[in-house]
Amino acid sequence: MDFDTAKPHPARVYDWMIGGSENFPADREAARRILELNPDSRRSFVENRRFLGRVVRHLVDQGVRQFLDIGAGLPAGGNVHEIAHAVAPDTRVVYVDHDEIVLAHARALMARSDRVRIVGGDATRPQEILDAPVVRDFIDWSQPVGLLMVALLHFVSDADDPARIVTTFRDALPAGSFLAISHGGVEGWEDRKEQIRKASQAYVRTRDEIAGLFAGFELLEPGLVDVAWWRPTDPGSGPAPTGLYGGVGRLAIGA
């Protein structure tokens, strides 16, 4: 299978930012351009990963035993299944990504796990993901699902309509399911929005726009906040903001 490593890919840029090794010169160059815009951006990537860990642990504590991780990215320390299985080994996890390098690495790593599945799919075509046999059959659609869209939707253009994507998944979820989103915010960066898009391929949005993606969900405390402030393990440390908003919503009855 041919991989295009000459163009940067968000998953591999993310991998480099959090200290991974599965990246290429084009990805590292893209990461350097992001750091030129914001020298503290690497911490944002790390805090986003920590946010994911806290979310998964919380949802497992709430009784969630299956996760659908859209735009999973390259396997790294603190994967969803590792966090969940440490508490509840029977938890099922389906990882979805459209990048062939991501899929190849994930399949190699997860090959021996009977509680993890890897699916190729494009988030901009949500119904195709839902109709994939593995997603349809491995997930028990009569039980709550933890739907994860972490650092995903800011790579979806307005033309591809992130709200449409979320709504399609929401309408398929059973009662008691949860949605977790982290998304790059534009506040304080309005005059550099186009620079950000060119450097990172990200479509940063306002807090209100990101909050609108939770339509039909009831936001858990503390609401939509900077990812570093979402239920931190050491709230007294006062972590600095990252520019990424994060939140978790529970599917409202009758949504």
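Guide: Helices (H or I, at least four residues) and strands (E, at least two) are DSSP runs, numbered from the N terminus. The model is predicted, so local features need pLDDT of at least 70 and side-chain atom pairs count only at pLDDT 80 or more, while totals for chains, interfaces and linings use all residues. Residues are numbered from 1 along each chain as its sequence is written, and side-chain values use heavy atoms, with hydrogens and water left out.

Visitor: Why is Asp161 called partly exposed?

Guide: Buried means under 20% relative accessible area, exposed over 50%, and partly exposed in between (1.4 Å probe, protein chains only). Asp161 has a relative accessible area of 32%, and therefore Asp161 is partly exposed. This residue is found in the loop between β4 and α8.

Visitor: What makes β1 and β4 a pair?

Guide: Two strands pair if DSSP finds at least two bridges between them. Strand β1 (residues 66–70) and β4 have three bridges, in the parallel sense, and therefore they meet the definition. In β4, the bridge partner of Asp69 is Leu148.

Visitor: How do you know that β4 is mostly covered?

Guide: Five of the five residues of β4 (residues 146–150) are buried. Gly146, Leu148 and Val150 lie on one side, with Leu147 and Met149 on the other.
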